[in-house]
Amino acid sequence: NAAPTVEAIVSGGYTIAAQSVTENGITELRANFLVTDPDGTGDLNDTTANLTLIRSSAPWANGNISANTTCYANADVDSDTANYTCVVQIQYWFSAGAWNLTAGIRDNANAYSINTTNFTLQETTAIVISPLSIAFAQITLGQENVTSSNDPLIINNTANDDIATGNVRVTGLDLIGEVTSSSTIGANNFTVDIDAGGSPPAECTAGTELVNATATGITSSVLPAGNRSASLGSEELYVCFRKVPSGLSPQAYSTLNGTAWTVSVV
């Protein structure tokens, strides 16, 4: 018995091009490889054809591995060369950088052959937030340390960019009176923190003060890429109205007459 030989791994007839993740989803990478067996293609065990995708520099970190053990055989190229196609899944949280793609197969005598190739997975930045609004119950002049009625604000990392500490940012804007627009509440009256609770609430005493129309990094916030079904890749923010300014007219204050607050990452 002669062992088979796995030839170069290609996609669409070409070497594997750089790939990108799909935001909050799966990218399917289809690859082909040829296998030559001096004993003929009938000696190849088609059920053992496989393709494994693994992060080159940190193979087991953060679930960075994908395997397909159910590749299928295409029509033989000739009497001793077979063509196989496999599809591996690239998850949205897979780390950017160099990845290794390994193809393998056994023959009927259990002789084994593999071949590898590398490609680059590009970095993609994407987030989703929920809820889409921040609200406070009815409050009075001079009231202090009022927390949002629909906290927390949850930010989910839906791609593979690891957001470093402090790089989750909130752009707050002065709130405008919905009836008397000349009456406003400055954005600097609000703080945001990753912690909540206590007396007074942590988001009020240790939170980051917002600056009008300025993207402000929230202290200690962090948003690494990760599989959210494994409780990774998310951050929670809590908002506090530290003190209601005096002299305000009684009415609702909001961003309805201006631009909405935004959450961003860098």
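This is a predicted model: local features need pLDDT of at least 70, side-chain atom pairs count only at pLDDT 80 or more; totals for chains, interfaces and linings use all residues.
Reader: What is the bridge partner of Val-6 in E2?

Author: E1 pairs with strand E2 (residues 26-36) in the antiparallel sense, over four bridges. In E2, the residue bridged to Val-6 is Val-35.

Reader: How many residues apart in sequence are the parts tied together by Arg-242 and Glu-209?

Author: Arg-242 and Glu-209 form a salt bridge, with their closest N and O atoms 2.5 Å apart. Arg-242 is partly exposed at 27% relative accessibility, and Glu-209 is partly exposed at 37%. Because Arg-242 belongs to strand E18 (residues 234-243) and Glu-209 to strand E16 (residues 208-209), the separation of the parts in sequence is 33 residues.

Reader: Is the aromatic pair of Tyr-92 and Trp-93 edge-to-face or stacked?

Author: The ring centres of Tyr-92 and Trp-93 are 5.1 Å apart. Planes over 60 degrees apart count as edge-to-face. With 90° between the planes, this pair is edge-to-face.

Reader: Is Trp-99 buried or exposed?

Author: Trp-99 forms a stacked pair with Phe-94, their centres being 4.9 Å apart and their planes at 20°. Buried means under 20% relative accessible area. Since the relative accessible area of Trp-99 is 0%, this residue is buried.

How values were computed:
Residues are numbered from 1 along each chain as its sequence is written. Side-chain values use heavy atoms; hydrogens and water are left out. Two strands pair if DSSP finds at least two bridges between them. Helices (H or I, at least four residues) and strands (E, at least two) are DSSP runs, numbered from the N terminus. A salt bridge is a side-chain nitrogen of Lys or Arg within 4 Å of a carboxyl oxygen of Asp or Glu. Buried means under 20% relative accessible area, exposed over 50%, partly exposed in between (1.4 Å probe, protein chains only). Rings of Phe, Tyr and Trp (its six-membered ring) pair if their centres lie within 6.5 Å; planes under 30 degrees apart count as stacked, over 60 as edge-to-face and the rest as tilted.
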